[in-house]
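Dear colleague,

I am handing over the structure below, followed by some notes on what was found in it. Please read the notes with the coordinates open beside them.

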Amino acid sequence: AQQRYASIRDKPAETLDGQTVALHMNAGLMADLPSLESSGAEGVGLFRTELQFLVRNKMPKRSELVALYARVLDAAHGKRVIFRTLDIGSDKVLPYMKPNDEPNPALGWRAIRVGLDKPGVMRMQLQALIRAADGRPLTVMFPFVAQFEEYRAARAEVDKTIAREKRLGHRLPENIEIGAMLETPSLAFAPQKFFDEVGFLSIGGNDLKQFFFAADRENERVRRRYDTLNVSFLSLIEQIVERCDRSGTPLSFCGEDAGRPIEALCLAAIGLRSLSMRPASIGPVKSLLRRADLGEVRKIISDARHRGDQSVRPAVMDYLRDQG
Ligand code: PEP
Ligand code: MG
């Protein structure tokens, strides 16, 4: 399949009406890195660091993490890698951690909540990232931020870690960008000051959708019940785009839907200019974007909304069919 898209690999995802969408890839293991070259991705938009914790049977040492992150950065050859700090707890339990018996793990003590309440592991991870960068630029993203204060507290941890590393004589990254994932509806309604302060945002559509529709992403009975192209969900995303535009906050979308061509097209039509997906999706998404006129798709979305359609999918599919 990669071969089929080889001819557009080095071309931009530029639409017929001249809009360019940056396509990044999601990764989590060293083995994913060669895809950065073969897929033509601009960078790693989401590096899920928990995978490297999950494949072991004991807590990795800081020195092991330094070596690992350094190898990831080496393999990226200067392309940007967005490292997401550990997103575990609840259902993603580490074999070497005490399991928490929680009635609703997805709504439980996970991700940044664990990172802030028990900061030991997060601090170790931040130190390892700074040391691995060894003077190179570094990008860190915090998962599951539900309110401004959590971002502030996480950011303060970064600042403390930087100061400590400096005292210890380590080289600091040439530049550090700190961002957050927007995966709970609450964060979309955070004070404007949050949008001004956060370095960048990435919409975690998998979780955002699950919480927006109150439909468990792991439950086969309900996980496909609501369409990502549901007009209500698109409205939420549109509002996030507007708020980010107002504050000049870089915004991306890194949930699985970014890798589905029709979904990607609609996300671009409502204003997303950066998407991150599994490497194999980059070709198909780019191919569709290069044949599309976002202005026309935007009009179709708006017409569907005015008609009271539940999802814009049928109208967009009709349009694409007519296009041939
Ligand atoms: C998401 O929630 O959309 C996301 C990208 O994070 P994860 O799938 O790892 O929860
Ligand atoms: Mg998530």
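Phenylalanine 144 lies in the loop between β5 (138–142) and α6, where helices (H or I, at least four residues) and strands (E, at least two) are DSSP runs, numbered from the N terminus. Its phi is near 65°, a positive value in a residue other than glycine, and phenylalanine 144 is buried, with 23 other C-beta atoms within 10 Å. Here a residue is buried if 20 or more other C-beta atoms lie within 10 Å of its own, exposed if 12 or fewer, and partly exposed in between, with C-beta atoms placed from the backbone.

Before going further, please note that this is a predicted model, in which local features need pLDDT of at least 70 and side-chain atom pairs count only at pLDDT 80 or more, whereas totals for chains, interfaces and linings use all residues. Residues are numbered from 1 along each chain as its sequence is written, and chains are lettered from A and ligands numbered from 1 in the order in which they are written.

A positive phi, near 55°, also occurs at alanine 214, which sits in the loop between α9 and α10 (231–247); alanine 214 is exposed, with 8 other C-beta atoms within 10 Å.

Turning to the ligand, the shell around ligand 1 consists of Leu46, Arg48, Asp87, Glu183, Gly204, Gly205, Asn206, Asp207, Cys254 and Gly255, a residue being near a molecule if its C-beta atom, placed from the backbone, lies within 6 Å of it. Two or more of these residues come from each of β3 (44–48) and α9 (205–212), and α9 gives the most, with 3 residues. By class, the shell divides into 2 nonpolar, 4 polar and 4 charged residues, where Ala, Val, Leu, Ile, Met, Phe, Trp, Tyr, Cys and Pro count as nonpolar, Asp, Glu, Lys and Arg as charged, and the others, Gly among them, as polar.

As for helix packing, the axes of α11 (residues 261–269) and α12 (residues 279–290) come within 9 Å and cross at roughly 50°, the axes being lines fitted to C-alpha atoms over the stretch in contact, with angles from 0 to 180 degrees between N-to-C directions. Pro261, Ala264, Leu265 and Ala268 in α11 meet Pro284, Val285, Leu288 and Leu289 in α12, contact requiring C-beta atoms, placed from the backbone, within 7 Å. The residues of this contact divide into 8 nonpolar, no polar and no charged.

Best regards

How values were computed: Two residues are in contact if their C-beta atoms, placed from the backbone, lie within 7 Å.
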